[in-house]
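I wanted a record of what I looked up in this structure, entry by entry. The notes begin with charged pairs and then turn to strands, a helix and a few backbone details.

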Amino acid sequence: MTRRIVRTSIQLGALTFIVLLLLFFLDNRFRVLPDAIHNALPAHHPGLVITDLTLATCSSLNILSSCKLDAAKWHRIDKDLYLSSTWVSHAYIHVQRKKESELTDEDKVIIDVRISRLDPMTSEKDQGHERWEQRPGGIWLKRTSKRHASDSQKAITAADVLFGADAVEARPSWELVQQPVILPNPASRPEAHLTLRRGSAPKIEKPTLRVRKDGKFKILQVADLHLSTGLGICRDAEPPTLHGGKCDADPRTLEFVGSILDAEKPDLVVLSGDQVNGETAPDAQSAVFKYAELLISRSIPFATIFGNHDDEGSLTRSAMMQLSESLPYSLGIPGKAAVDGVGNYYLEVLSHKAAQHSSAMTLYFLDTHGYSPDERNFRGYDWLKKSQVDWFRSTSEELKKSPLHNHASHMRMDMAFIHIPLPEYRNTADIVEASGKALESPTAPGFNSGFKQALVDEGVMAVSCGHDHVNDYCALSHSETEKQDNEPKPELWMCYAGGSGFGGYAGYEDPDNDKKGFRRRVRVYEFDMNEARISTWKRVEWGPKKGDTEKRVDEIILVEGGKVVAA
């Protein structure tokens with residue numbers, strides 16, 4: 001009896017294997033499986049594959065020319081390769097797309113793209129059976145009608161355009177074509193590059209923030225990058241004679257930030273607004289990818305909020321946050337639709353013990369908007385709205401009741417990040433000289449919506465901003481009612497990061513630089529859960545003395561023993 005059961009099981013197993021193998025070969029040849037099953041197989045793409053790609057150019061002087069091809073056949077990538085820098089010439093990339101399941105024997109799938117004035121075959125030894133096909137703009141396509149080509153990871157499944165000699169691709173499975181598209185009537189504008197995705201779009205896994213095993217957690221705040229589409233133009237570079245006076249804003253900015261990332265090795269980077277210099281970013285996506293690639297390539301999580309310049313380019317706040325959400329290691333989210341602004345959210349940093357699922361600290365991020373909606377009564381900049389303050393208070397209270405917070409076995413040290421400073425930053429008596437300098441008057445909003453008091457009431461110990469590039473001080477607010485050692489009790493630190501980007505202004509004399517120009521900088525926050533301590537310091541891009549760029553500048557302790565303390 002046992003032998004019969006074993007024999008039958010073996011026969012059934014063999015039959016199942018043969019049937020599955022037969023189905024596999026039949027599907028490969030004739031696609032017999034339903035799309036729901038077919039697309040789930042590892043080698044197949046549930047989306048679209050690109051079967052053709054071309055460039056359409058047009059001129060406003062020629063009424064017969066058109067930048068729109070037959071919409072029934074072609075999909076246009078809505079980025080003018082001239083970046084609308086001229087009213088005469090325009091150019092757009094168009095692609096033909098099909099679902100893999102709809103491909104016929106006559107359809108060809110693109111497996112490679114080159115940009116060249118000459119046929120790439122002249123520089124290739126092994127051509128195989130496919131030949132390069134020429135398209136306008138120096139575009140050469142290698143297409144194949146081989147069966148199963150669409151299943152290959154070589155198949156091009158999406159196309160886009162990025163701009164600038166310094167353009168980079170931040171998305172996984174995408175690859176930038178290094179040679180720019182060759183355009184007629186070249187203008188003084190950032191060059192246009194094709195970028196292509198092969199295979200299916202990968203699923204983006206978001207990292208979990210956690211205190212390190214040594215009990216510490218380090219945040220690098222990078223404020224006011226002011227990146228452009230293309231290399232960018234340096235403003236107020238210090239020293240002006242460095243590299244013979246030649247200064248490209250974005251490469252120098254990114255080199256600086258990259259060096260600090262490698263030196264400090266932060267657990268989180270906070271991009272606190274004005275990452276994009278909207279006025280010089282006709283393609284904001286190209287600017288976003290430059291800082292994103294810097295972080296993604298180092299596997300560093302980052303959180304984003306926006307400033308008053310970010311959405312002055314080609315993308316709205318919502319579009320930029322959506323773009324950021326699609327990237328690896330990005331933790332920013334739009335926040336609740338009922339709350340004013342884009343980017344009101346919080347992040348939990350968990351205990352270093354994986355088994356102990358508890359929150360070590362909460363980091364809050366709020367959108368401080370842009371310019372005043374009521375310039376007549378409150379000149380200057382916008383303010384945090386009541387819906388945001390209410391959201392912050394209710395969220396904080398809810399989190400205090402959550403299991404993540406109830407299970408915590410240490411003193412909490414929560415913090416907040418904004419772009420535009422709060423009105424209380426203007427209280428010069430609160431500025432701590434050892435923490436940095438106030439080289440310009442804080443351009444805080446004229447209307448006070450009470451967010452500073454909300455931070456104090458909810459036990460947040462520090463808030464940090466950007467916006468005013470040449471301010472890098474911290475101010476300590478004291479309670480008006482409570483005493484500590486017969487002195488007003490310290491209740492909240494309010495810090496500036498200082499400007500990091502060469503595309504933004506910095507034209508103020510710096511006393512720490514022999515009254516010469518202000519040096520770009522970033523701010524570091526280190527949380528030590530063992531001592532319940534928060535300390536902070538800055539790092540500068542350049543210094544007149546050897547070792548200046550390696551020093552911790554103006555290091556102070558903000559919190560000790562879980563309490564806000566005077567420096």
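**Salt bridges**

I began with R171, which forms a salt bridge with E169, the closest N and O atoms being 2.8 Å apart; the term stands for a side-chain nitrogen of Lys or Arg within 4 Å of a carboxyl oxygen of Asp or Glu. This is a predicted model, in which local features need pLDDT of at least 70 and side-chain atom pairs count only at pLDDT 80 or more, while totals for chains, interfaces and linings use all residues. Residues are numbered from 1 along each chain as its sequence is written, and side-chain values use heavy atoms, with hydrogens and water left out.

Next I looked up E264 and R539, whose side chains meet in a salt bridge at 2.7 Å, N to O. E264 lies in helix α3 (residues 249-264) and R539 in strand β23 (residues 533-540), so this pair ties together parts that are 275 residues apart in sequence. Helices (H or I, at least four residues) and strands (E, at least two) are DSSP runs, numbered from the N terminus. Both E264 and R539 came out as buried.

For contrast I took R552, which forms a salt bridge with E555 at 3.0 Å between the closest N and O atoms. Here R552 is partly exposed, with a relative accessible area of 42%, and E555 is partly exposed, also with a value of 42%.

How many salt bridges does a search of the whole structure find? The search returns 43. I also noted a network of salt bridges that links D52, K108, E133, R135 and R143.

**Strands**

I traced an open sheet of three strands, in the order β4-β6-β5 and with antiparallel pairing; two strands pair if DSSP finds at least two bridges between them. Its edge strands are β4 (109-115) and β5 (132-135), each of which pairs on one side only. The twist averages 30 degrees from one strand to the next, with axes taken as lines fitted to C-alpha atoms (for helices over the stretch in contact) and angles running from 0 to 180 degrees between N-to-C directions. Looking at one pairing within this sheet, I found that β5 and strand β6 (residues 139-144) run antiparallel and are joined by four bridges, and that Q134 has W140 in β6 as its bridge partner.

I then followed strand β3 (residues 89-99), which pairs with strand β1 (residues 48-59) in the antiparallel sense over 11 bridges; V49 stands opposite K98 in β3. Strand β2 (residues 75-76) is also joined to β3, by two bridges and in an antiparallel run, and there the bridge partner of H75 is V95.

In strand β7 (residues 156-163) I looked up T157, which is buried at a relative accessible area of 6%. The side chain of T157 reaches the backbone oxygen of G199 at 2.5 Å.

**Helix α3**

Returning to α3, I noted 16 residues and a reach of 23 Å from first C-alpha to last, close to the 22 Å expected at 1.5 Å a residue; the expected span is 1.5 Å times one less than the number of residues. Among the buried residues of α3 are A249, L254, F256, V257, L261 and E264. What do the buried residues of α3 pack against? They pack against β10 (216-222), β11 (268-272), α4 (284-296), β22 (521-528) and β23, with contact meaning heavy atoms within 4.5 Å. After α3 comes K265, whose phi is positive, near 50 degrees.

**Backbone details**

I recorded a cis peptide bond between E238 and P239, with omega about -5 degrees; P239 is found in the loop between β10 and α3.

D274, a residue other than glycine, has a positive phi near 55 degrees. D274 sits in the loop between β11 and α4 and is buried, with a relative accessible area of 1%.

My last entry is A532, which is not a glycine either but has a positive phi of about 50 degrees. A532 lies in the loop between β22 and β23, and at 8% relative accessibility A532 counts as buried.

How values were computed
Buried means under 20% relative accessible area, exposed over 50%, partly exposed in between (1.4 Å probe, protein chains only). A polar contact is a pair of N or O atoms within 3.5 Å; within protein, one must be able to donate a hydrogen and the other to accept it, and residues adjacent in sequence count only if both atoms are side-chain atoms.
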